[in-house]
Amino acid sequence: LRSSIRILHPSSFSKHSSLPNAHFTLLKMSSSPSTDTDPTLTSIISQLQTHKDTFAAAASSATTATEIKQLQKEYMGKKGLIPQTMMYMRSLSNEEKPKLGAAVNDVKKELEQVLQDRCAALGIEVSEEAAPKKTKEKKSKQNPTEAEPISIDVDKLDIRVGLITKAWHHPEADKLFCEEIDINESSGPRQIASGLRAHYDVDDLVSRKVLVLANLKARKLVGFPSHGMVLCAVEE
């Protein structure tokens, strides 16, 4: 079963009517077999020509910007007569489909030119207001110096006073010391690496009391397992 399609278009206009009441009417599928065939590419293009002629006639009788806009909407809007012609695409072969698309685009361009000429003759300007595009706000890249300060919960820091009992140069890193620091644990002194060689001599570290951040995960620093961090400060 196939649905029967009938295209209605106006044969005349009233001078005082807003616009031609041309539209497509899709008839419901009949309960009995239909002998109608799907429209051919030739018949569809012929209908496009008819729409173009009726549009030109309506445009020539339009006298206000409102009538021009309404005409533009009925023929070239999303649900207008010209775009609706594309619904016949499904009935065409793969070779004919691009031909229909090209024909529709050509008619659109011709109708737009008719409107421009009519507007120029009337001395009016009709422009379609473009819908505002939604733009994603790009996050500006902040310089490290401009970044918001990181908040630290001091209560979570396990800071202890320790005594450096032994210190030596890291064998593979020029900026590191290796130390054994007693923080009064039953397991004995902790081994910790610290980057203090630019500020102290190795002999200055032994027997010095320091603050140690004790609840850090063990981490190897150039191969040396460090079990904490020595806290330092700069006096300005």
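What is the mean pLDDT of the protein, and what share of its residues reach 70 or more?

**View 1. Confidence along the predicted model.** The mean pLDDT (the predictor's confidence in each residue, from 0 to 100) is 76, and 75% of the residues reach 70 or more. Residues 1-35 stay under 50, with 48 contacts (heavy atoms within 4.5 Å) beyond four places in sequence. Residues 128-132 are also below 50, and that stretch has 1 contact beyond near neighbours in sequence.

**View 2. Helix H1, residues 41-61.** Helices here are DSSP runs of H or I, at least four residues, and strands are runs of E, at least two, numbered from the N terminus.

**View 3. Lys 52 in H1.** Lys 52 lies in this helix and is buried, at 18% relative accessible area. Setting aside neighbours within four places in sequence, Lys 52 is in contact with Glu 110 and Leu 111.

**View 4. Leu 231 in strand S9.** Leu 231 lies in S9.

**Notes for all views.** Residues are numbered from 1 along each chain as its sequence is written. In this predicted model local features need pLDDT of at least 70, side-chain atom pairs count only at 80 or more, and totals for chains, interfaces and linings use all residues, while side-chain values use heavy atoms, leaving out hydrogens and water.

How values were computed. Buried < 20%, exposed > 50% of the residue type's maximum accessible area, 1.4 Å probe, protein only.
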